[in-house]
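Here is a short tour in questions and answers. Take a look before the talk begins.

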Amino acid sequence: MADNTNTTSTSSTLSVVLIGCGRVAEKHLKAISKLKGLELKAVVDVNPDSAKRLLGSVKGFANVKTFTDYKAAIDEIKPSIVSVTVPSGLHFQIAKYAMEHGSNLLLEKPAGATPEECAAIEKAANEKGVHVIICHVLRYTPFFTLIKKLLDEGRVGKIMNVVHIEAVG
C-alpha cells in the first residue's frame, strides 16, 4: 500500500474524507464513529447544508471541515481513505482522482458505470498501490442470509427473475 498517511493524524490513525452527504453517508459516518483508528477530517457535498446536516446527525463531528469541491478536500487533507457515497454516475471521476493522489477507497456500488470504468479503477489501484473496497452492504444481512440458505437447500425452486427494491435509510 502507498504511504498515504501523511496527515496531521498519528501514525496509528487513518484520516478519512467522506464525499457525498446523503442517506448512505449517514451509515458511513456512524461506522467511522464506532471504529478505532479512523479520524474523519472532512466531508464534501455540493450542498453545504447537506454537509452540516450530516455532521450534526452523529455526535463527535462538530469540528470536521466541510468542502463543496472534492478535489480541494483531497488536495488539502491528503486522506488515507476516501469514502465515496455520491450518486453512482460520479463514482469513477472521484475514485480516479482520489487514487491518483494516493488515497485508498471505500466505494459504494457500482464502482463504475461501465466495465471499462471498473477496469480502469482496478488498473489505477494496482499502479498506485492503493486498496479499493466496494460496499455490498446487504450481502450479510439476516434477510439475504436467509434467502441464500433457502436457495442452497433447494426449498425455493428455480429462480426465473428477481426484482429487488429496497429503501435506504
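Predicted model: local features only at pLDDT ≥ 70, side-chain atom pairs only at ≥ 80, totals over all residues.

Visitor: How many helices and strands does the protein chain have?
Guide: The elements run β-α-β-α-β-α-β-α-β-α-β-α. The secondary structure therefore follows DSSP runs. The count comes to six helices and six strands.

Visitor: What share of the residues counts as buried?
Guide: The protein chain has 169 residues. A residue is buried when its relative accessible area is under 20%. The share that counts as buried is 36%.

Visitor: How much of the accessible surface belongs to carbon and sulfur atoms?
Guide: The accessible surface of the protein chain is about 10,500 Å². Carbon and sulfur atoms hold a share of it, and that share is 57%.

Visitor: Among contacts between residues at least 6 apart in sequence, what share joins residues at least 24 apart?
Guide: Contact here means heavy atoms within 4.5 Å. Take the contacts in the protein chain between residues at least 6 apart in sequence. Those that join residues at least 24 apart make up 64%.

Visitor: How are α4 and α5 placed, roughly parallel or roughly antiparallel to each other?
Guide: Helix α4 covers residues 91–100, and helix α5 covers residues 115–128. Their axes come within 10 Å and cross at roughly 10°. Angles under 35 degrees count as roughly parallel. So α4 and α5 are roughly parallel.

Visitor: Which residues of α5 meet α4?
Guide: Look at the α4 side to begin with. Its residues here are F92, A95, M99 and E100. Their partners in α5 are E117, A120, I121, A124, A125 and K128.

Visitor: Where does P110 lie, and which residue is joined to it by a cis peptide bond?
Guide: P110 lies in the loop between β5 (104–108) and α5. Omega of the cis bond is about -5°. The residue joined to P110 is K109.

Visitor: Which value does phi of K78 come near?
Guide: K78 sits in the loop between α3 (70–77) and β4 (81–84). Its relative accessible area is 41%, so K78 is partly exposed. Phi is positive here, in a residue other than glycine. The value is near 50°.

Visitor: Which residues is S57 in contact with, leaving aside its neighbours within four places in sequence?
Guide: S57 is in the loop between α2 (48–56) and β3 (65–67). At 36% relative accessibility, S57 is partly exposed. S57 and E26 are 31 residues apart in sequence, yet 7.6 Å apart in space, C-alpha to C-alpha. The contacts of S57 are E26 and L29.

Visitor: How many salt bridges does the structure hold?
Guide: A salt bridge needs a side-chain nitrogen of Lys or Arg within 4 Å of a carboxyl oxygen of Asp or Glu. The structure's total is eight.

Visitor: What is the N to O distance between K65 and E76?
Guide: The side chains of K65 and E76 meet in a salt bridge of 2.1 Å, N to O. The pair links distant parts of the chain, with K65 in strand β3 and E76 in helix α3, eleven residues apart. K65 is partly exposed at 41% relative accessibility, and E76 is partly exposed at 43%. The distance asked for is 2.1 Å.

Visitor: Does K41 count as buried or exposed?
Guide: The side chains of K41 and E39 meet in a salt bridge, 3.5 Å from N to O. E39 has 32% relative accessibility, so E39 is partly exposed. K41 has 16% relative accessibility, so K41 counts as buried.

Visitor: Which residues are linked with K149 in a network of salt bridges?
Guide: The side chains of K149 and E153 meet at 3.6 Å, N to O. K149 is partly exposed at 45% relative accessibility, and E153 is partly exposed at 40%. The residues linked with K149 in the network are E153 and R155.

Visitor: What is the area of the nonpolar surface patch that includes V162?
Guide: V162 is in the segment after α6 (142–152). At 62% relative accessibility, V162 counts as exposed. The patch is made by F143, I147, L151, V156, I159 and V162. Its area is about 540 Å².

How values were computed
Residues numbered from 1 in each chain as written. Heavy atoms only, no water. Patch = residues over 30% accessible without salt bridge, like charges linked within 9 Å, V, L, I, M, F, W, Y side chains within 5 Å. Areas by Shrake-Rupley, 256 points an atom, 1.4 Å probe, with all protein chains shown as cover. Helix = DSSP H or I, 4+ residues; strand = E, 2+ residues; numbered from the N terminus. Buried < 20%, exposed > 50% of the residue type's maximum accessible area, 1.4 Å probe, protein only. Axes fitted to C-alpha atoms, helices over the stretch in contact; angles between N-to-C directions. Parallel < 35°, antiparallel > 145°, perpendicular 65-115°, else oblique.
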